[in-house]
Amino acid sequence: MSIEPLRRGADAAASTSALSPSTSPAAPVLEAVHLRKHFPVRQLRIGGAPQAVHAVEDASLALFPGRALALVGESGSGKTTVARLLARLYEPTAGSILFRGKPVKGYNRAALLAYRRYVQVIFQDPFSSLNPVHDVRYHLSRPLRVHGHAHSRAQETEQVLGLLSRVNLSPAEQFIGKYPHQLSGGQRQRVAIARALAVRPAVLLADEPVSMLDVSIRLDVLNLLLRLKDQERQAILFITHDIASARYFAEDTLVMYAGQMVEGGPSDEVIQHPKHPYTQLLIAAAPDPDRPVNAPLQARGEIPSLISPPSGCRFHPRCPHAMPVCRERFPGRTDLGAGHWTNCFLYGEGDTGSTAATTHPGAGSPAKGS
Amino acid sequence: MSDGVFQGAARPLLEVRHVSVDYRAENGTVHALTDVSVTLERGQILGLAGESGSGKSTLGYAITRLLKPPAEITGGEVLYYPKASRHAELTATGATPPTAEPVDVLKLTPGHLRSLRWKELAIVFQSAMNALNPVIDIGAQITDVIRTHQPKLNRRQRQARAVELLRRVGIAPDRLRSYPHELSGGMRQRAIIAIALALGPEVIIMDEPTTALDVVVQREILMEIIALRNELEFSVIFITHDLSLLLEIADKVAIMYAGRVVEVATREELKQHPRHPYSYGMLNSFPTLYGPRRRMTGIPGSPPDLRNIPRGCSFHPRCPLAFAACRTDLPLLRAAALQDAGQLVACHLYDPRYTSAEPPTAQEFAARYEAVYAEQGAGRSL
């Protein structure tokens, strides 16, 4: 087990000691500790109670060099907000971010610049993340100059060409002068990846990096990111709504629902033996040619409004196994062994209370997801 | 709906024959569709799969005659076999012929086209957000269709029909006065399906009906479509880029590449033995939920510029099994194997005139794709 929300979270040394020796590569590069983000909503009525979108509650995760963590969930689950918090595009309402074990502070220009020297984002849409009036050289040379990696035009050219060939855009000499509109979607996303690599980062936050691309090109880009992870030891947060590609790409998977983290662990474990009813629902709904289409779903509906989210476990209004306690409070984390954990009363109270799993009716064996 | 006495089981419902569509642009003509032929049987779900630019949506629009300039249908016919009772409304003679003659949709006069649309042929557009009018409530948008096409119904009857349609697609009748922004994405898509169903059409063309939706909602909509199809016995042309989805719901799948159909097969055939190298590559572009986790290669390269489609087989620059003839001769759709005439493929690998070798097996496909991938990876990452 290498990646898990840190329940104690205060200090990085404690988290590494919890790792099993077999998969523990190193200390985490980047950690989120009990991150919370509420977006205030403008009041329509003067004197009304202040409202907020409760986008993320208590998100904790850790990224390790040479490993990928997939964050899976539907739209509105808060996965992109987590990425933006980690990228420090948003300031968290509560919680902290640790980089190489040290808390990251300050949202001034210098602090952000220093942070982004190590943490870079790859956005979903390569059609809007590149500036249409600038060529590839400009996009790639800006980070080189800003972060002091290139000091002359010659160095710049050399490094830009190097970046282009690292993302398989060859012949690089041809691509350096092109503008975004002259590139296909896959090529643009490669340029966006190269731009992220230009600062020589330690962490890549990839927010649905292949969702906008054509089917036959997705794997190509995904395999490029895999190579960056395996050969160049990048730590990658891979955000996706496609649970099958999470299994393909990432060692570990975290499942989010309506801003809460509900299950996590090694990808194969989470996907083949899903425990939380929401994870089971996601997997049952994913396309699978070997299953009849009219296999019934355990639950229906969509993610609720996060301005006044359901109390307790936010999945309870849709959950086929919901119990009265689910309405009252959010369960603590239950360890299922082998690094697999879930926050669900079906498997126990979690670490907040005693082992009272058997006192609740319906505990024990929820329906299988597949 | 099912006065099916008239049709023999073998008679198709819609036959697209050799249709070509060009988009005229200043910097060259885009050949969006070239010589496309597909057949939709009664009660069938026909899947059209392909990447963006493969022509799948253009085909849907060509069938419904919704294409506008600069698009131009340059050839072919779309034969629709109406029920005998409806035949008179669609032809100039106005007489009911003894045997149902097909009508060529591409030649219909505006008046006949009007009686074809919605009553016979409905379309569900890709984006539920944009297909509904944001300033009109959904009830009015449904009754609008009914008022236009069935002017004899009075207000109350239209209203009743709208309520029934909403109930049928799983929306509570009290949402009749809801505006699109008050509905979730899934509900909007359901409302659009309700509009398509309004006049009980024979064929519904669905252009990426679930693409913008989350997986759980997508699954609900798919189940709804199948249930409605079983109940109302319409046929569906289902357009999507998601081949794994079609393998679940489609009876027959046509795979398109660069404006041509390259393979037609039932979903079982496609699952067991995709014949065209592109079909194989597409099928192996989707990571799986189960089974061993293995490295996948996808398809090298990217789709061609439709202004300048490669000579011969348009897939040859990306094909790991291409040989000399693929660069010069255009492959046409033909039976992939002698023993089953159902699966059609446009590939020289299955044509004894071009090769005497046995058709490639799945292992061979995999090995060749892997080889190309390794070669490119080595060459590119220098």
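This is a predicted model: local features need pLDDT of at least 70, side-chain atom pairs count only at pLDDT 80 or more; totals for chains, interfaces and linings use all residues.
View 1. Residues are numbered from 1 along each chain as its sequence is written, while chains are lettered from A and ligands numbered from 1 in the order in which they are written. Helices (H or I, at least four residues) and strands (E, at least two) are DSSP runs, numbered from the N terminus. The axes of α7(A), residues 185-198, and α8(A) come within 10 Å and cross at roughly 15°. Axes are lines fitted to C-alpha atoms, for helices over the stretch in contact, and angles run from 0 to 180 degrees between N-to-C directions. From α7(A), the contact uses G185(A), G186(A), Q189(A), R190(A) and I193(A). From α8(A) come I217(A), D220(A), V221(A) and L224(A). Two residues are in contact if their C-beta atoms, placed from the backbone, lie within 7 Å. The contact of α7(A) with α8(A) divides into 4 nonpolar, 3 polar and 2 charged residues. Ala, Val, Leu, Ile, Met, Phe, Trp, Tyr, Cys and Pro count as nonpolar, Asp, Glu, Lys and Arg as charged, and the others, Gly among them, as polar.

**View 2. In chain B, α7(B) packs with α8(B), residues 215-232.** Their angle is about 20°, and their axes are 10 Å apart. The two helices are therefore roughly parallel to each other. α7(B) passes α8(B) in a right-handed crossing. G185(B), G186(B), Q189(B), R190(B) and L197(B) in α7(B) meet V217(B), E220(B), I221(B), E224(B) and L228(B) in α8(B). By class, this contact has 4 nonpolar, 3 polar and 3 charged residues.

**View 3. Helix α7(B) is largely enclosed by the rest of the structure, because 12 of its 13 residues are buried.** Buried means that 20 or more other C-beta atoms lie within 10 Å of a residue's own; 12 or fewer means exposed, and in between is partly exposed, with C-beta atoms placed from the backbone. The buried residues include M187(B), I192(B) and I195(B). At 1.5 Å a residue, α7(B), residues 185-197, should span 18 Å, and its end C-alpha atoms are 19 Å apart, which agrees. The expected span is 1.5 Å times one less than the number of residues.

**View 4. Buried residues of α5(B) pack against α6 (155-168) and α7 of chain B.** These buried residues are I138(B), G139(B), Q141(B), I142(B), T143(B), V145(B) and I146(B). The 12 residues of α5(B), 138-149, should span 16 Å; the end C-alpha atoms are 17 Å apart, which agrees.

**View 5. Q124(A) sits in the loop between β6 (119-122) and α4 (136-146) of chain A.** Q124(A) is partly exposed, with 19 other C-beta atoms within 10 Å. Q124(A) and D207(A) are 83 residues apart in sequence, yet 5.5 Å apart in space, C-alpha to C-alpha. Leaving out residues up to four places away in sequence, Q124(A) touches D207(A), E208(A), P209(A), S211(A) and M212(A).

**View 6. Chain A meets chain B through 36 residues of chain A and 40 residues of chain B.** On the chain A side, α8, α9 (243-249), α10 (267-272) and α11 (277-285) each supply at least two residues. α8(A) gives the most, with 6 residues. The chain A side divides into 16 nonpolar, 11 polar and 9 charged residues.

Technical notes
Angles under 35 degrees count as roughly parallel, over 145 as roughly antiparallel, 65 to 115 as roughly perpendicular and the rest as oblique. A crossing is left-handed if the near helix is turned anticlockwise from the far one by less than a right angle, and right-handed if clockwise.
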